[in-house]
Amino acid sequence: MYEWGRRRIKYESELDPAFCQTLIEKTGNDSIRNCIQCGTCSSTCPVSLYMDFTPRRLVAMAREGFHDEVLHSFTPWICASCYSCTVECPKEVKITETMYAIKQMAMDKGVHPARFPVPVLAREFYHQVKANGRTNEGRLITQLFLKTNPFKLIKQSKIGMKLFFSGRLDVIPQKIKNITQLRTLLKAVNGNGGGRAHS
Amino acid sequence: MSNNGNGRTNGSPRIGVYICHCGINIAAKVDVERVTRFAETLPGVVVSKEYKFMCSDPGQELIQKDIREHDLNRIVVASCSPLMHEETFRKATANAGLNPFYFQMANIREHVSWVTKDKDLGTEKAKALVAGAVRRVSLHQALEKKRVDVHPDVLIVGGGIAGIHAALTIANSGRKVLLVEREPTIGGHMAMFDKTFPTLDCAACILTPKMSQVKDHPNITLWSYSEVTKVDGFAGNFTIQVTRKPRYVNEDECVGCMLCIDSCVYKQARVDDEFNQGLSKRKPIYIPFPQATPPVVVIDPETCMQLSKGKCKQLCAEACEKHAIDFNQKEEVIEVQAGAIILATGFKTFNPMRIPEYGYGRYLNVYTSLEVERLVNASGPTGGEVVLRDGSKPKSIAIIHCVGSRDHKTNKYCSRVCCMYSLKLAHLMKERSNAEVYNFYIDMRTPGKGYEEFYDKLLEEGTHFIRGRVAEVTDWALTDAEEGKMIVRVEDTLVGMPRRIPVDMVILSVGLEAQPDADDVRRLFGVSCSKQGWFTERHPKLAPVSTATDGVFLAGACQGPKDIPDTVAQAGAAAAEALAMIDKGFVELEPNTAFIDEEVCSGCKSCIPMCPYTAIKRDDEKKVAVINEALCKGCGTCVATCPSGAAQQNLFLDEQIYEEIEGVLNYV
Amino acid sequence: MTYLYYPGCSLKGTGKAYDESLLAVMKKLGVEQQEIDDWNCCGATAYMAVDQDRAYALASRNLALAEAQGRPNGKPVEVLTPCNACYLVLLKAQKRLEEDALGKRKLAGALESAGLNYEGKVSVRHPLDIFVNELGLDALKEKTVNPLNGLKVACYYGCQIVRPYSTFDDQYDPVAMDQVLEAMGAETLKWPLKTRCCGGSMTGTIPEVGMRLSFIILKEAKKRGADVIATACPLCQFNLECYQNEMREEFGEAVDIPVVYFSQLMGKAMGLSDRELGMQRLFVPFAVPAASK
Ligand SMILES: Cc1cc2nc3c(=O)[nH]c(=O)nc-3n(C[C@H](O)[C@H](O)[C@H](O)COP(=O)(O)OP(=O)(O)OC[C@H]3O[C@@H](n4cnc5c(N)ncnc54)[C@H](O)[C@@H]3O)c2cc1C
Ligand code: SF4
Ligand code: SF4
Ligand code: SF4
Ligand code: SF4
Ligand code: SF4
Ligand code: SF4
C-alpha cells in the first residue's frame, strides 16, 4: 500500500555488494549473473501472481544487493518448487535453486515470516525425519496447523477423517531400523544454520 | 633443393631481433626490455631492439635501417601472429634488399601475453620462443614466390539479394560471372517480402528490376536449379563442378506463358506451395511466383503423374506451343573455371516447432513471420488481405520477438533483423486489418539509419509494446473474454506484473539460422564456419568479406544475420575484392611446396596415394617420386609419410624445425 | 533385471493406492522388484528449504543403500521411484554428486562416518520411463484384456517428473503416460496443463493459493471432456482429488471428476480387481464405464 511521505529511493550505502556472491556460493553456480530481465520466469510461474516481487524482480534485487528486501520477501516462501522458471529461462538461470538459497539464508538469520506455514512445515518435516527417518503426513499437517492457524485444523479434519477411513492415513509413524546410522550421518554433515539453529 | 634467391646468404648469420610492445597488448604481460637484453646474448645476434609498434612505418624502417647499417642477413620479429603481420615484415625485409624468407616471426601476443596472467612466466616463455626463432632463422634459405595467372571469371553461389548485387557489380565492370542458384528462381528471401523496413518501399519494385538485369546481362550466366558439387584448384584457378537438376522444361524454349500449368491434368492445385510457405497450393508443374527469374516453369517429379507413375495424358506438353517440355531431361554435370568465388548462400529461418510453448503447429492461427510476409503480400496467397487459416479476420494480434534467438536452448545470438521486421509487420498488420497489435520484446534493437525513427512512428500509431518474453501461448481460458482465443502469458516487466492477453493471431518473429547444409558447403569451398554454421570471415573488422581461403569471399547473411542494406554493402565489398584480385592478373603462391631428395628416395611409392592433391608421380626411369610443384599445396602429408626422409618441404625443413625446438628447449 | 523399489513416505500413507496398484501391475507384467531395505525419507522439497546439505545426505543414504543391496549380483542398479518429488530429489542429489566436487567430498565424508559409501553406480528411473522405454508399448498391448476403449483420460504429469533433470520426456509437453494409456485403448486429451503445478505442499500451507492451482487443472480437464484424470504422483493425486469439496465451497463451482493413478487404469485394462488396485481408497469413486469396454 502507498504510504504518504515514505521515501522510495535506494542509496548505494544501503546495499550489500557481497550479497550476490553469497547467493552464488550457496547455489554453487553463478547463472544469476546471466539474467537479462526478460520476465519468462515470472510469466511461466504458476504462483507469481501471489508474490510480493515477481521472480524476475527478486533476481534483479538480489544481484544488486537489496539484501533486506530479498530476505524479507514472501516470494521464496510462495515458490512451489515447480521448476518451470528454471527450464524456461532463456539464460539458464537456476531460479528455483536461488529461491532455496534465499529461504535458507532467511531462516539462518531468523528473518523468515513468522507463523507463516511454509517455514513451519519445513521445520516440522526436519524434526520428524530426525526422529524417525521417515515422515508421517497426518502428523505433519496436524503440527502445521497447531503452530500456525488452529482454526484451519478443524476445517482440514474432515479430509483427515476421510483419509483415515479409506486407509490412507498412518496413525503410527513408521520408523527405520537403523536410525542411529541416519542420525550419525546427519550429524556428520556440516549443515548450514537452518539445521543448527533448530536442532 | 631450392634456388638461392636474390639475398645475401654467404657468410655467417648476422641476426637482428625486434621485440614489439603492441602498445600494452604485449608489454603488460611480457617484460619486453628483459627479452630484448636476453636476445642480445644469443649467438649470431648483432642487434636486438624493442619498439612500441613494430608494424608501423617507423617500426619497419628500424629494421631496414639496421639491415643496411649492420649488414644484417637474418631478421626475427617477436610480436603478433604471423597471420597478422608476417607479410608486412617479409616485405620490409625485402625492401632492404634481403630475400624475404630470411625472416622469422615469434608469436608472443596470441601465444603469450593474451593467454597468461603472470608477467614473469610470460617473459620467460617469450624468451624461449625468441631463442627458438633465432636458431631457426640461421638455417633459413632464400626462396622465391611463384606467380600464377588468374582466371578472369567469377563464380557466385546463391542468388539472393547478396548474390544478385555482387553479380551485377562484377558484370558491369566487364568481367564474366556465373551465378549458381539452388532454387528454380533467384531472389532469395527478399522476393517473399511485401515491404522492407525502414522505408517501407515495396520489395518487388526494387528487387525485380535487378532480377531481370541479371537475366539479360551479357556478362552473367545464370544457372538456377543447380548446385556446386566439387571445387578443385586454388585462388585464381578454381575448377568447379556444377550439377544442374532436370526441371523437365527446356530453358531455352520456355517463354513463361504458363499455358502448360493451366492445362495440367490436375485441375486443382494440390501441392503445398513452398514459396508461399504452404499457405497456398500449386500444381506439379509450376512457377514459384510471377516474376520468377528465369521465367521458366519447372516440373516437380514427386507429384507429376508422368514422372512419378510413368503415366499421364501429358496435357502440359500438348499445350506448350514451344514444345519446351521434355520428360527425358537428365541431371547434367558441368565443369567450369573461375578465378574467384563469392559465397552468398544466405540463411534459413528458425523452426518454431522446437519451442512447443509457443503453440506453432498446435494452434492454427500461430504463424511465423515469414508466413506473414506472404500473407500481407499483394501477390501472396490472399492478395494481401489478412485472412487467417480458419477464414476469420483477426481483431487482436500478438507479435513475439526473439523466437529462437537470445536463448541458450536454441540460439544464443541476437538475430539482428527481427526487432525491425517485427515493427514492419506490426505496421502492416495494423494498416491492413485495423487490429490491436501487441509487440512482446525483451529489448528493442533498432540501431541503423532511420530505424529508431521507425520505432517512434510505430509508437505514435498506438501499437502496444510490452517488455517481456512470452512464456506460453495457450488456450486455457480463465475469463469469458479469453474463451475461444489464444492467450499470451507474459510478465509486463516494466509494470512488474504477470499479464494474460487474449488474441486471435500470433506471429512468431523467428530468428535467422545458418543454412542446414552450411557445414557441407564450407567443406566444399575450404572455408571455416562458426559453431552455429555462419561462415567465418578472415578478420571480423579488417577483412570482413575475405575468408581464410584466398580467392573465396563472403556476401550477405551466410556470414551472419544482417538486413538488406548491410547485405548489399557487403556484396559490393565482396565484388570489389574479387575484382581487385582478378585485375591484378596473377597470384603469388607461398613457396612452401614439398620436394623429393632424389638421392635419398627409395622409390617406395608410400607418398603417392597419401597426397590429397595427387601432386606426386613416380619417375619410372629414375625410380624416384616426383612432385608437381604447381599442384602441391604444402600440406606436408608426404613429408610425414616418407619412411626414408626423402620428402621435404620448403619453409619447414627438418633441420629448421629441430633447430627451433632445440632453441626453445635449451632455454627452458 | 530386478529393480530396487523406492516407494517414499507418501506411498505408505496417502498414496497407498499408488503403491498397491503399481506393484500389482508390475507383477502382472513380469517386472521384478525388491524394496530397498530400511530406506529413509528422500529429503524432499520442504527439507531442502531448511538444510540443503542434510537433504542431500538423506537422499545419498538411499542411493548408498540401493547400491549396496543391488550390486552383489554384479548388474547395474536401477532404482524405481514412483513419487515425483522423490524422483526429483534423488536425481538432484546425483547431479550434485556428479557436478560439485566440493559437495561430493563433503557428502562422501559424512556417508563414511555413518559406515556408508556411494560410488555413483545407481540410475534413478520413473515407472513411466520403464514402461515406455524398457518394456515397450507392444508388451503393454499384449497384456491388455479389457481395453479402455472410449475412455477419455486427461494425463496429468505434474511438475517434478520432467523438470528439471529428467530426460526421458519433453519438459513442456510430455507424452509417456499418454502413450501407455493409449496402448491400452484409452483416448487421451491434448491439453496444455499436463505439467502445470498442482500447488504441491501449498495446498496444505497456503490453501487459498494451492487449491486454486488444482482447481484450474480440474476445471480445464472437465471442460475438455475428460472422464478421468490420471496422475503419476501421490501429492498431485491428493491435491486434485481430496479437496474437491473444499474447492466447491471456495470457488462456488463444482469440479467433481475422478482422479486416479495411471497404474490403476493400467490395472483395470489388465483385468486386475478393484481391491488389488486400491480403488476403494478413492474419495471420488471411479469405475471404467461399461460403454468403454
Ligand atoms: C521475416 C523476415 C523479414 C525481413 N524483412 C526485412 C526488411 O524488411 N528489410 C531488410 O532490410 N531486411 C529484412 N530481412 C532480412 C533479409 O531477409 C536479409 O537481409 C536478406 O535476405 C539477406 O540476403 P542474402 O542474399 O544474404 O540471403 P537469402 O535471401 O537467404 O538468399 C540466399 C540465396 O542462396 C540460395 N542458396 C542457398 N544455399 C545454396 C547453395 N548451396 N547453392 C546455391 N544456392 C544456394 C538460396 O536458395 C537463396 O536464393 C527480413 C528477414 C526475415 C526473416
Ligand atoms: S527468465 Fe531468466 S533471464 Fe528472464 S528474467 Fe527470469 S531469470 Fe532473468
Ligand atoms: S519454481 Fe517457484 S518461482 Fe519458479 S516457477 Fe515454480 S513456483 Fe514459480
Ligand atoms: S606488429 Fe603485431 S604485435 Fe606489434 S604492434 Fe603490430 S599488431 Fe601489435
Ligand atoms: S505430365 Fe501430367 S501431371 Fe505432369 S505436369 Fe504434365 S499434365 Fe501435369
Ligand atoms: S533483433 Fe530483436 S527480436 Fe531479433 S533477436 Fe535481437 S532482440 Fe530479439
Ligand atoms: S605437401 Fe601435401 S600437397 Fe604437397 S606433395 Fe606433399 S602431400 Fe601432396
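Which residue in S7(C) is the bridge partner of Cys155(C)? In the predicted model described here, in which local features need pLDDT of at least 70, side-chain atom pairs count only at pLDDT 80 or more and totals for chains, interfaces and linings use all residues, that partner is Ala230(C). Residues are numbered from 1 along each chain as its sequence is written, chains are lettered from A and ligands numbered from 1 in the order in which they are written, and side-chain values use heavy atoms, with hydrogens and water left out.

Strand S5 (residues 152–155) of chain C pairs in the parallel sense with strand S7 (residues 228–231) of chain C over 3 bridges, where pairing requires that DSSP finds at least two bridges between the strands, and where strands (E, at least two residues) and helices (H or I, at least four) are DSSP runs numbered from the N terminus. S5(C) also pairs in the parallel sense with strand S6 (residues 187–188) of chain C, over 2 bridges, and Lys152(C) stands opposite Glu187(C) in S6(C). Between S5(C) and S6(C) the chain passes through helix H8 (residues 176–183) of chain C in a right-handed β-α-β crossover, that is, with the strands pointing away from the viewer, the path from the first strand over the helix to the second runs clockwise.

An open sheet of 4 strands in chain C has the order S2-S1-S3-S4, with parallel pairing. Its edge strands, each of which pairs on one side only, are S2 (32–35) and S4 (122–125) of chain C, and the twist averages 35° from one strand to the next. Strand S1 (residues 2–5) and strand S3 (residues 77–80) of chain C run parallel and are joined by 2 bridges, with Tyr5(C) opposite Leu80(C) in S3(C).

The axes of helix H11 (residues 234–242) and helix H12 (residues 244–251) of chain C come within 5 Å and cross at roughly 50°, axes being lines fitted to C-alpha atoms, for helices over the stretch in contact, and angles running from 0 to 180 degrees between N-to-C directions. Asn239(C), Leu240(C), Glu241(C) and Cys242(C) in H11(C) meet Gln244(C), Glu246(C) and Met247(C) in H12(C), contact meaning heavy atoms within 4.5 Å.
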